[in-house]
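Dear colleague,

I am passing the structure on to you below, and after it I set out what I found when I went through it. Please read the notes with the structure open beside them.

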Amino acid sequence: MSFCNFERKHFLIYEKMSSKNSFRLGVNCVMAKMAASMVESGEDVFRKMFKFYKRRDPPPDLRGVIDFSGELPKDKVTPAHLDAAAVSDEEAARVGLQPVREWRAFSLQGFPGFIFISNPFLRGSQPFWVRQCLKIYPQKPNVCNLDLHMSPCDTQDLWAKSAPVLRSPSSGKNQPKTLLEKLHWVTLGYHYNWDSKTYSADNHTPFPADLHSLSVQVASACGFPGFRSEAAILNYYRPDSSLGIHVDESELDHTRPLLSFSFGQSAIFLLGGTRRQDPPTAMLVHSGDVMVMSGQSRLLYHAVPRILPTPRGHAALLEDLCPASPQEVGGMLEPVSEEDWMACSAYIQKSRVNMTVRQVLGAGQSFPEAPPPSVTRTEISGYHDGESGKRKRSGSDSTNET
């Protein structure tokens with residue numbers, strides 16, 4: 001039985017459920033039955049679910065999706081234990097984080113090692129990280145997707161070429177896209193080779209100290225002291241973007257966690273199993289949310305099929321992201337100027353930015369000999385831009401869902 005036929009067959013079940021809790025239970029039950037039927041037939045369950053949540057006409061019902069900022073299903077979500085003593089309040093505040101004891105952290109049943117932290121950032125600190133993602137991290141010598149078809153001088157300072165347009169009141173649908181709006185990914189530290197799906201010692205630039213410090217505090221609180229931020233992939237999503245089904249396995253040390261930081265618009269995140277036949281769990285990721293994939297969850301399939309407007313609206317998002325005053329900013333967070341925030345807020349009202357930070361090498365590890373150079377491709381699998389339909393970029397070791 002096809003996914004769509006099964007869905008239509010059980011739609012009346014949804015209609016008969018009155019309360020919110022019973023509706024959610026019914027949705028989860030039906031989705032589980034759908035997944036089970038596909039597992040029995042050997043179908044690619046993850047791909048079916050990806051297409052279900054990506055579709056726009058009709059849009060999918062999201063009431064079966066876990067929202068960590070709201071009411072949580074007790075049969076699936078439990079509180080996660082954090083090591084509050086590993087990070088002092090001063091160390092946390094230095095990178096814009098609340099004291100660890102105040103974090104709302106959760107685990108998922110069936111996904112040992114996965115931790116979801118619901119926006120642990122101090123009010124007013126997210127704008128600093130948004131600005132870093134848009135103004136600082138895309139600068140050379142870091143690498144971005146625009147380098148594939150533009151000269152180095154054209155991609156030298158994307159911010160300087162884009163910010164004045166973003167700040168302009170006339171910026172709208174008829175305005176040509178800025179370079180920042182054409183940005184799909186940036187790599188930091190050890191730069192990921194999209195062709196060979198590897199890292200190498202000779203393709204490396206210094207990793208940003210501020211992002212390393214943020215990552216160290218989160219990793220320490222989650223039970224991973226001594227974490228080394230050695231590589232990061234920054235993904236930039238427009239409203240019609242998606243990230244294909246993939247496993248991040250190119251790092252040589254899988255005992256260290258993968259850290260994910262999200263800012264801006266919300267997204268549906270799918271977390272599956274070690275096989276594509278394993279049914280994924282859908283969850284909402286909002287601005288400021290942090291995810292940690294470690295242990296048995298480090299090498300699970302995952303994807304982002306859909307970007308969603310923040311549930312409380314653009315005005316509420318901008319209010320939440322209002323930069324802190326210079327007197328409130330401390331540690332290594334520099335104040336965000338009003339001029340910079342005008343450009344950042346115009347961008348973030350329509351976009352999502354995600355940073356995934358990883359440790360590539362374990363203690364005593366080194367890179368193997370470099371493989372023969374491969375031909376540079378003009379397309380990269382995994383990322384889908386809804387406007388062009390072309391594949392643009394992905395997380396490491398992604399696999400196409402289409």
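A residue is called buried here when its relative accessible area is under 20%, exposed when that area is over 50%, and partly exposed in between. Please keep in mind that this is a predicted model. By that cut-off Asp278, at 16% relative accessibility, counts as buried, whereas Arg275, with a relative accessible area of 43%, is partly exposed. The side chains of these two residues, Arg275 and Asp278, meet in a salt bridge with an N to O distance of 2.8 Å.

The structure holds 13 salt bridges, and two others deserve a description. In one of them, Asp340 pairs with Lys135, and the closest N and O atoms are 2.9 Å apart. Asp340 belongs to helix 10 (residues 338–348) and Lys135 to helix 6 (residues 126–136), so this pair ties together parts that lie 205 residues apart in sequence. Asp340 is buried at a relative accessible area of 7%, while Lys135, at 23%, counts as partly exposed.

In the other, the side chains of Arg358 and Glu251 form a salt bridge of 2.9 Å, N to O. Arg358 lies in strand 14 (residues 352–358) and Glu251 in the loop between strand 8 and strand 9, so here the pair ties together parts that are 107 residues apart in sequence. Arg358 is buried, with a relative accessible area of 1%, and Glu251 is buried as well, with 2%. Salt bridges with shared partners join Asp248, Glu251, Arg298 and Arg358 into one network.

His246 is found in strand 8 (residues 241–246), and Asp248 is found in the loop between strand 8 and strand 9 (258–264). His246 is buried, with a relative accessible area of 2%, and Asp248, at 2% relative accessibility, counts as buried too. The side chains of Asp248 and His246 are joined by a polar contact of 3.4 Å, and a polar atom of the His246 side chain lies 2.8 Å from the backbone oxygen of Gly244.

With kind regards

Conventions:
Residues are numbered from 1 along each chain as its sequence is written. This is a predicted model: local features need pLDDT of at least 70, side-chain atom pairs count only at pLDDT 80 or more; totals for chains, interfaces and linings use all residues. Side-chain values use heavy atoms; hydrogens and water are left out. Helices (H or I, at least four residues) and strands (E, at least two) are DSSP runs, numbered from the N terminus. Buried means under 20% relative accessible area, exposed over 50%, partly exposed in between (1.4 Å probe, protein chains only). A polar contact is a pair of N or O atoms within 3.5 Å; within protein, one must be able to donate a hydrogen and the other to accept it, and residues adjacent in sequence count only if both atoms are side-chain atoms. A salt bridge is a side-chain nitrogen of Lys or Arg within 4 Å of a carboxyl oxygen of Asp or Glu.
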